[in-house]
Amino acid sequence: MIFLAYLSFARLQNLIEYGKLVDDTNHLKYKTARCLSYLKDAETGQRGFLLTQDSIYLDPMNLAKKKIYTSLDELSILAQEDKENIRLITEFKNVSLQRMKRLDQVILADPNAEGYNNKLIEGKQLMDNARILADLIINNLEKKLSQREIIKNRYVSLTPIFMILLSLISILLIYFAYRIISNELRKRISMQNELQYNVEALKRSNSELEQFAYVASHDLQEPLRKIQSFGDRLILKHREKLDDDGKFIIDRMQNAAERMQVLINDLLSYSRISNTRTKKFIPVDLNQSLKSVLDVLNEDIIKKNAKVTTENLPVIRANDSQMEQLIQNLLTNAIKFMPEGRIPEIQIKYSEATGREIQSLKPGDENKMFHKISVSDNGIGFEEQYTDRIFIIFQRLHGKSEFSGSGIGLAMCKKILHNHDGYIEAKSRMKQGSEFNFYLPKD
């Protein structure tokens, strides 16, 4: 369309250009003929005066003289654009001026004076030269005019064809574009409907899985409590009758039941976080949340003589209980995953960050501002190739005999931050410590 539009525009420009050239050529031809006509009028007036000596014949000559000088100046101006005929036109102008001058000389001269006839003959020769030059100019202009009119007529005939072609092709292109866009829209609508159906199915599946996890965890509580209760009663009433192997088996059973209780409680906590459908956010002072967590973990902190240093934390809009759970899980891990004999040193720092600093970022969050809170420790650390794995539920990097836990804590942290449109990242060095950075969007 652009190409055809350009061609049509070029044709129109050429048509206008050659139309102007034809008009200019006609105008130049007309002016040349008018100048020759004025010369003839002046010569006729001179001849009438010489034959009759009546001054009334001088009036046409004087009128022609006034007009011819103006016409000759206009002819010179027009000739500037006609490089081929400018020499002839200049020569015609000079001859015409000489002829007008000779007319005045003959009228004022004495007919009986010597050389009078020669002046008449010279005047006639100048007039003949003017006619010849005028004929040459007009002939050249007619040839040029004929060529330009042929080209102009060609553009006149071709331009409508180009305009019609442009219109037809434009209509066809618009039609095909409409068909293509219409098909793409239908495909997109179909894909969108399919995607919406899949999203709804996924939501239903997730909801069913979450409900199953909650119900299963809840229903497991009762038989587990019975196992623990019967185990306690067995030890209390029949401890003296049991040998060492029986006591060992019951202790192992009780320990397994206790671990199962921890796992179920963690599953229930994770399920409650996942079942948060509406975001009931309120202003939460993270300093107060941290204080509450430190009170809960006070016994472990004293037991391991841990040192916790913190910077001033912001007030954000969030779910207060989930913020406490997030901080508690991170501090619990920092205290727990510590080499034997090493005093835990935990630092909590605060800064602001842009979305560009976060690695796994959702589209559209690049220019958002975030609260960045770092929790670092001097614990056992982990290999950074397992960074993504540690946030998956039930994934553990250490055996149960080394460190207790269900492998749900960091998965809960990630879920809490997901509920708050936030992010969590980790970096670590083996035997030197870990650093967990979590980001919460600023209002």
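My entries follow, topic by topic.

**Ground rules**

I am working from a predicted model, where local features need pLDDT of at least 70, side-chain atom pairs count only at pLDDT 80 or more, and totals for chains, interfaces and linings use all residues. Residues are numbered from 1 along each chain as its sequence is written, and side-chain values use heavy atoms, with hydrogens and water left out.

**The sheet**

I looked up the strand order. Five strands make an open sheet, E2-E4-E5-E7-E6, with mixed pairing. For my own reference, helices (H or I, at least four residues) and strands (E, at least two) are DSSP runs, numbered from the N terminus. Two strands pair if DSSP finds at least two bridges between them.

Which strands stand at the edges? They are E2 and E6; each has a single partner strand, so one side of each has no neighbour in the sheet. On average, neighbouring strands are turned by 20° against each other, direction ignored. (Axes here are lines fitted to C-alpha atoms, for helices over the stretch in contact, and angles run from 0 to 180 degrees between N-to-C directions.)

Then I checked two of the pairings. E2 (residues 307-310) runs parallel to E4 (residues 345-354), and four bridges join them. Val308 has Ile346 as its bridge partner in E4. E4 and E5 run antiparallel, joined by eight bridges. Here Gln347 is partnered by Ser376 in E5.

**Ring pairs**

How many aromatic pairs does a search of the whole structure find? It finds three. The rule I used: rings of Phe, Tyr and Trp (its six-membered ring) pair if their centres lie within 6.5 Å, and planes under 30 degrees apart count as stacked, over 60 as edge-to-face and the rest as tilted.

One of them is Phe370 with Tyr423, edge-to-face, at 5.9 Å centre to centre and 70° between the planes. Phe370 sits in strand E5 (residues 369-376) and Tyr423 in strand E6 (residues 423-429), so the pair ties together parts 53 residues apart in sequence. Phe370 and Tyr423 are both buried, which I take as under 20% relative accessible area, with exposed over 50% and partly exposed in between (1.4 Å probe, protein chains only).

I also noted Phe382 with Phe436: the ring centres are 6.5 Å apart and the planes at 40°, so this pair is tilted. Phe382 is in the loop between E5 and helix H9 (409-419), and Phe436 is in strand E7 (residues 433-441), 54 residues apart. Phe382 is buried at 8% relative accessible area, and Phe436 is buried at 9%.

**Cores**

Next I went after the nonpolar cores, meaning sets of buried Ala, Val, Leu, Ile, Met, Phe, Trp, Tyr and Cys residues joined through side-chain atoms within 4.5 Å. The largest has 33 residues, and Met323, Leu326, Leu330, Leu331, Phe436 and Phe438 have the most contacts inside it. The elements giving two or more residues to this core are helix H6 (286-296), strand E3 (315-318), helix H8 (320-336), E4, E5, H9, E6 and E7. H8 gives the most, with seven residues.

I followed up on Met323. Not counting residues up to four places away in sequence, Met323 touches Val284, Leu286, Ser289, Ile316, Ala318, Ile416, His420 and Leu440. Contact means heavy atoms within 4.5 Å.

A second, separate core has 28 residues, Cys35, Leu36, Leu72 and Ala79 among them. I also looked up Ser71, which lies in helix H2 (residues 58-79). Ser71 is buried, with 7% relative accessible area. Leaving aside neighbours within four places in sequence, Ser71 is in contact with Cys35 and Tyr38.

In H9 I listed Leu410, Ala411, Met412, Cys413, Ile416, Leu417 and Asn419 as buried. What follows H9? Asp421 does, and its phi is positive, near 55°, although Asp421 is not a glycine. Asp421 is in the loop between H9 and E6, partly exposed at 35% relative accessible area.

Lys431 also went on my list: phi is near 65°, positive in a residue other than glycine. Lys431 belongs to the loop between E6 and E7 and is exposed, with 65% relative accessible area.
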